[in-house]
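Here are my comments on the model. Please read them with the structure open.

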Amino acid sequence: MNQSPKNIGIVGSGLVGALLAIYLRKAGHRVTVFDRRPDIRTVEFTGRSINLAMSNRGWKALRGAGIEEEVRRIAIPLYQRAMHLVGKPLYYQPYGKDGEAIWSISRGVLNRKMIDLAEAAGTTFRFGEKVWDVDLPTAQLFTGETEKGTWDAWKFDHIFGCDGAFSRVRHKMQRRSRFDYSQEFIDVGYKELTIRPNPDGTHKLDKNSFHIWPRGSFMFIAMPNLDGSFTCTLFLPFEGEVSFEALNTREDTRAFFSRHFPTVMPDIDNLCEDFAKNPTSALVTIKCYPWTYWDKIALVGDAAHAVVPFFGQGMNAGFEDISVLYSLMETYGDDWEAIFRAYEAQRKPDADAIAELSYRNFVEMSTKTADPSFLLQKRIEKHFAEQHPGLWIPAYSRVTFSDRPYREALEIGDQQEAIMKEIMQMPDLEARWDSLEVSNRMLELLREYGE
């Protein structure tokens with residue numbers, strides 16, 4: 001790395017902040033991380049999370065930092081979706097080719113590990129230090145116990161805002177002229193629940209599957225942990241006939257799970273207890289631009305581009321931000337203004353693309369995965385991809401099992417969807433979905449759309 005050592009501040013000790021610290025220390029910089037929260041390693045992790053799904057982009061970033069194998073030891077590979085439909089047998093949908101998997105990791109376990117690794121690399125962490133203000137032109141942070149009390153000033157060469165969807169650093173940037181910002185909440189919230197392990201510590205469900213109970217406007221998911229438990233998430237509208245608003249008592253909750261998720265009945269008492277105890281959280285998409293201020297300030301991860309979690313790409317996209325930043329640091333050396341300009345220009349279109357893809361995947365996971373027509377379409381696509389692997393890579397695989405730009409996955413995915421819309425109109429398709437005639441028609445349409 002051909003850079004002069006700098007004094008760098010990071011706001012936020014979450015996954016993105018900790019990984020960025022490791023990369024900056026690798027480049028020879030002095031790094032201090034501030035977080036208003038206490039050290040997560042000293043407190044019990046609160047019940048408002050969704051298990052992480054590490055995929056290719058995340059692993060690539062961890063590999064670049066030299067910590068991939070450390071993290072794999074706390075992750076479980078998931079090779080398929082396990083679909084729990086009402087009145088139908090359990091069935092499985094493989095994610096990709098043989099051996100391709102996403103990896104389930106507890107957010108709390110990973111965050112603790114990342115802070116340990118960043119600290120071992122020489123990062124200084126200042127927990128319980130709330131940032132009240134940021135002076136953008138001089139790259140100064142101001143911290144203190146209260147907003148009205150005495151503040152400490154911290155001067156840096158560069159500051160990175162890794163402080164999440166409601167970033168204090170971005171809030172300061174928003175007050176400048178010509179800063180574009182939008183936030184959009186969906187009307188579905190989520191609540192974390194737990195399926196406990198068997199008495200012998202084994203998993204009650206298949207541990208190498210991502211379990212989904214799709215129910216149209218709502219769904220329940222479960223991802224495995226190393227201790228034999230599953231971290232579950234209930235996604236449900238805030239208001240309406242079937243909603244969080246309608247579940248006011250333990251009896252309401254028990255009846256709801258009994259009716260809609262009968263296969264989790266052995267854990268119903270535990271689920272009802274978690275339901276009453278854990279908070280209901282909102283889901284938001286945040287877009288903004290620019291992500292940087294001259295050569296002084298840059299936003300990374302959710303602070304720049306929060307997305308809903310339905311493609312499992314929030315963490316992966318944030319980690320990929322860091323891979324791109326580090327590559328640009330190698331390219332431009334000490335020209336931090338060029339680094340920041342190239343970073344936001346390259347990443348912004350991809351961030352917008354994964355925001356769109358993430359919302360669409362909610363519709364797919366909750367509604368379409370139980371639709372026979374959709375399942376037939378996926379069988380046709382999988383069969384064609386096996387015959388012509390260079391011509392047809394599904395959008396999911398482009399996002400999850402490659403590091404090609406998200407915008408490319410969106411564009412090609414839209415083209416493939418248009419092709420499949422025509423294919424699904426072919427007569428007697430159920431009986432001849434794997435025929436040469438269907439494959440030839442797909443080849444024709446591919447040529448037409450490619451012209």
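This is a predicted model: local features need pLDDT of at least 70, side-chain atom pairs count only at pLDDT 80 or more; totals for chains, interfaces and linings use all residues.

1. Helix α2 itself covers residues 56–65. Its buried residues are Arg57, Gly58, Trp59, Ala61, Leu62 and Ala65. Note that Arg57 is on that list.

2. Helix α1 (residues 15–26) packs with helix α9 (residues 314–332). The angle is about 20 degrees, and the axes are 10 Å apart. Angles under 35 degrees count as roughly parallel, so α1 and α9 are roughly parallel to each other. Their crossing is right-handed.

3. The contact between these two helices uses Leu15, Val16, Leu19, Leu20, Tyr23, Leu24 and Lys26 from α1. From α9 come Met315, Gly318, Phe319, Ile322, Ser323, Leu325, Tyr326 and Met329. By class, the contact of α1 with α9 has 12 nonpolar, two polar and one charged residues.

4. An unreviewed UniProt entry places a "transmembrane region" at residues 7–24. In the model, that stretch is 56% helix and 28% strand. The C-alpha atoms at its ends are 10 Å apart.

5. Ile286 is in strand β18 (residues 284–289). Is Ile286 buried or exposed? Buried means under 20% relative accessible area; Ile286 has 1%, so Ile286 is buried.

6. Leaving aside neighbours within four places in sequence, Ile286 is in contact with Ala165, Phe166, Arg170, Tyr181, Ser182, Gln183, Ala304, His305 and Ala306. Take Tyr181: Ile286 and Tyr181 are 105 residues apart in sequence, yet 7.5 Å apart in space, C-alpha to C-alpha.

Technical notes. Residues are numbered from 1 along each chain as its sequence is written. Side-chain values use heavy atoms; hydrogens and water are left out. Axes are lines fitted to C-alpha atoms, for helices over the stretch in contact, and angles run from 0 to 180 degrees between N-to-C directions. Helices (H or I, at least four residues) and strands (E, at least two) are DSSP runs, numbered from the N terminus. Angles under 35 degrees count as roughly parallel, over 145 as roughly antiparallel, 65 to 115 as roughly perpendicular and the rest as oblique. A crossing is left-handed if the near helix is turned anticlockwise from the far one by less than a right angle, and right-handed if clockwise. Contact means heavy atoms within 4.5 Å. Ala, Val, Leu, Ile, Met, Phe, Trp, Tyr, Cys and Pro count as nonpolar, Asp, Glu, Lys and Arg as charged, and the others, Gly among them, as polar. UniProt positions are given in the numbering used here, feature names are shortened, and annotations may be inferred rather than shown by experiment. Buried means under 20% relative accessible area, exposed over 50%, partly exposed in between (1.4 Å probe, protein chains only).
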